[in-house]
Amino acid sequence: MPIWRSGHIQSKSRHPIRLPTLEQRARVLDLLSTLSPHYTKECTRNSQPLYVQQALDRYSPLVGHNTPVGNSWISGLLGMDNDDHAQTVRRDLAGGDHKYYFAINFYNSFDVIPDLFATLFRVAAILGYHNVFVSIYENGSTDQTKALLRIFDALTRSVGMRVLIRTSTRTRGAFNHRIEYLAEVRNSAFVPFHELRDSEGEYFDSVVFMNDVLPCVDDLLELIWQSRRNNAGITCAADYMYHSEIAAPVFYDNWVSRDINGTALENAPFERIFHHAESSARFQHHLPVQVQSCWNGIAILDPAPFYSPPHLQFRMAKITDGECSASECSLICNDYWEAGYGRILMVPRVKLAYDSKVFDILHPSRRNLTAIRRYSRLGGLPDDPRTDPQDRSWFGPHDRLFTEEETQPLNFVPGPENVWCWGWDGAGDLEGPDVDPIWELMPNKSTRPESIIVKHDRSMEIF
């Protein structure tokens with residue numbers, strides 16, 4: 001397996017990488033000529049000033065470097081060029097020492113890599129490059145993902161960002177168990193996590209696990225903020241796919257996501273995703289929701305269960321012991337509950353897409369509604385962020401103002417006794433789960449109050 005450090009080691013494979021076509025080469029050249037995101041570049045470019053002010057205050061505890069006297073990174077990234085408000089934010093923040101490990105898996109991800117790396121550049125600049133390590137594992141891609149990764153590997157190093165990219169020609173094959181294979185792929189992105197501990201004594205305080213999604217800068221910052229604010233074991237976003245029958249996005253990852261009663265979430269519009277009434281109400285008001293499990297494109301993990309007993313890792317189900325063959329992401333959530341790190345939450349404000357079509361629907365541009373219903377203000381009011389009709393809709397502008405409820409920590413409760421599981425026992429290219437769903441009994445530890453007690457304090461000072 002080649003590791004790109006100072007050079008590229010040729011992979012000895014029976015399946016040589018296909019040479020790029022002229023069209024593919026032209027696409028790479030076009031990307032290199034701009035070196036900017038394609039789909040997410042408008043995320044925060046024209047944010048309403050009140051949102052920028054809120055974000056500056058909210059995310060200032062995450063700044064991992066000595067903030068300059070002039071314009072700050074955050075204000076520039078959120079679209080405010082004349083950063084008067086930034087001068088009021090505390091400037092005595094010393095370079096933080098909270099360490100972040102980013103683990104990313106890629107497969108045929110050529111189209112999203114520029115946007116994802118652009119976000120990584122900016123988020124790492126805020127957290128502090130010295131506090132960030134990025135581990136990328138790519139395997140089996142048949143497009144030009146490998147070539148593009150090599151380019152961005154050089155770019156990240158040029159700005160002082162620590163990155164390790166590993167690639168492989170391995171694919172699942174016809175006879176490998178799907179979940180066993182996916183668990184191995186995720187664990188491969190974790191290899192440097194353990195190597196840095198063993199060889200250099202470096203430990204990380206938060207793990208950011210990302211799929212090939214299209215996140216904005218403040219999406220990642222909000223997930224990290226909520227994770228540390230709530231001392232959560234796992235914090236995830238909400239991801240969406242396009243449903244052609246209703247011509248609108250619907251919630252995507254319902255194979256993994258379970259509400260706090262253990263019930264599966266629905267592939268449905270936002271008002272019908274949760275069966276748990278209180279969770280549904282919070283979700284529709286864009287407030288963090290406690291869940292039994294989730295993943296949804298990006299997950300922030302407390303690394304303590306990986307470092308200390310029981311030394312968790314991604315795995316397939318113990319089928320011979322009667323364990324339901326759930327997703328490797330469901331099983332890691334179950335293992336977090338059993339290890340006593342069951343503080344798991346979903347952040348509905350962060351809406352993720354896997355393609356530009358859904359992204360554009362989720363994040364429409366804010367419109368000036370002066371000519372409509374005599375509405376004369378652009379954006380909400382500080383005392384009532386929902387005064388703009390656009391912010392009362394679900395797929396509204398990205399710069400929706402924060403409410404006071406979003407700042408309050410969650411009151412976590414122990415997990416459910418049973419969880420709905422739809423297993424995937426077979427091997428090969430099956431279209432989906434192949435086992436009748438069951439209500440699986442959870443270990444006793446997950447239902448006890450000890451499962452939600454904070455064991456690893458990752459909190460931050462809120463100004």
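On one side of helix α7, D198 and S199 are exposed. Exposed means over 50% relative accessible area, buried means under 20%, and partly exposed is in between, with a 1.4 Å probe and protein chains only. Helices here are DSSP runs of H or I, at least four residues, and strands are runs of E, at least two, numbered from the N terminus.

Before I go on, the ground rules. This is a predicted model, where local features need pLDDT of at least 70 and side-chain atom pairs count only at pLDDT 80 or more, while totals for chains, interfaces and linings use all residues. Residues are numbered from 1 along each chain as its sequence is written, and side-chain values use heavy atoms, with hydrogens and water left out.

Back to α7. The helix covers residues 191–200, and P192, F193 and L196 are buried in it. Why do they line one face? Seen down the axis of α7, the buried residues fall within an arc of 115 degrees, so they line one face of the helix. That arc is taken from the directions from the helix axis to the C-beta atoms.

Now F193 and its rings. Rings of Phe, Tyr and Trp (its six-membered ring) pair if their centres lie within 6.5 Å; planes under 30 degrees apart are stacked, over 60 edge-to-face, the rest tilted. The count comes to 28 aromatic pairs. F193 and F306 have ring centres 6.2 Å apart and planes at 75 degrees, so this pair is edge-to-face. F193 sits in α7 and F306 in α10, 113 residues apart. Both are buried. How is the pair of F193 and Y307 arranged? Centres 4.6 Å apart, planes at 20 degrees, so the pair is stacked. Y307 is also in α10, 114 residues from F193.

Two charges over rings. The rule is NZ of Lys or CZ of Arg within 6 Å of the ring centre and within 35 degrees of the ring normal. R58 lies over the face of F402, at 4.2 Å from the ring centre. K357 lies over the face of Y242, at 3.8 Å.

Next, the core. A nonpolar core is a set of buried Ala, Val, Leu, Ile, Met, Phe, Trp, Tyr and Cys residues joined through side-chain atoms within 4.5 Å. The largest one has 106 residues, and F102, F283 and M346 touch the most other members. Helix α4 (residues 113–127) gives the most to this core, nine residues. A second, separate core has five residues, including A317, C324, A326 and C421.

Take F283. Contact means heavy atoms within 4.5 Å. Leaving aside neighbours within four places in sequence, F283 is in contact with A238, Y240, F270, I273, F274, V289, M346, P348 and W394.

Then L62, in the loop between α2 (49–59) and α3 (73–77). Buried or exposed? Buried, at a relative accessible area of 2%. L62 and I224 are 162 residues apart in sequence, yet 8.4 Å apart in space, C-alpha to C-alpha. Beyond four places in sequence, L62 touches several residues, among them Y100, W225 and M460.

R229 belongs to helix α8 (residues 217–229). It is partly exposed, at 28% relative accessibility. Its C-alpha is 8.9 Å from that of E461, 232 residues along the chain.

Backbone points. In general, most residues other than glycine have a negative phi, and most peptide bonds are trans. The peptide bond from P309 to P310 is cis, with omega near 15 degrees. P310 is in the loop between α10 and α11 (328–339). N108, not a glycine, has a positive phi of about 50 degrees. N108 lies in the loop between β2 and α4, and is partly exposed at 30% relative accessibility. H286 has a positive phi near 65 degrees. H286 lies between α9 (277–284) and β9 (289–293), and is buried at 7%.

Last, the whole chain. There are 13 helices and 13 strands. Of the 463 residues, 55% count as buried. Among contacts between residues at least 6 apart in sequence, 76% join residues at least 24 apart.
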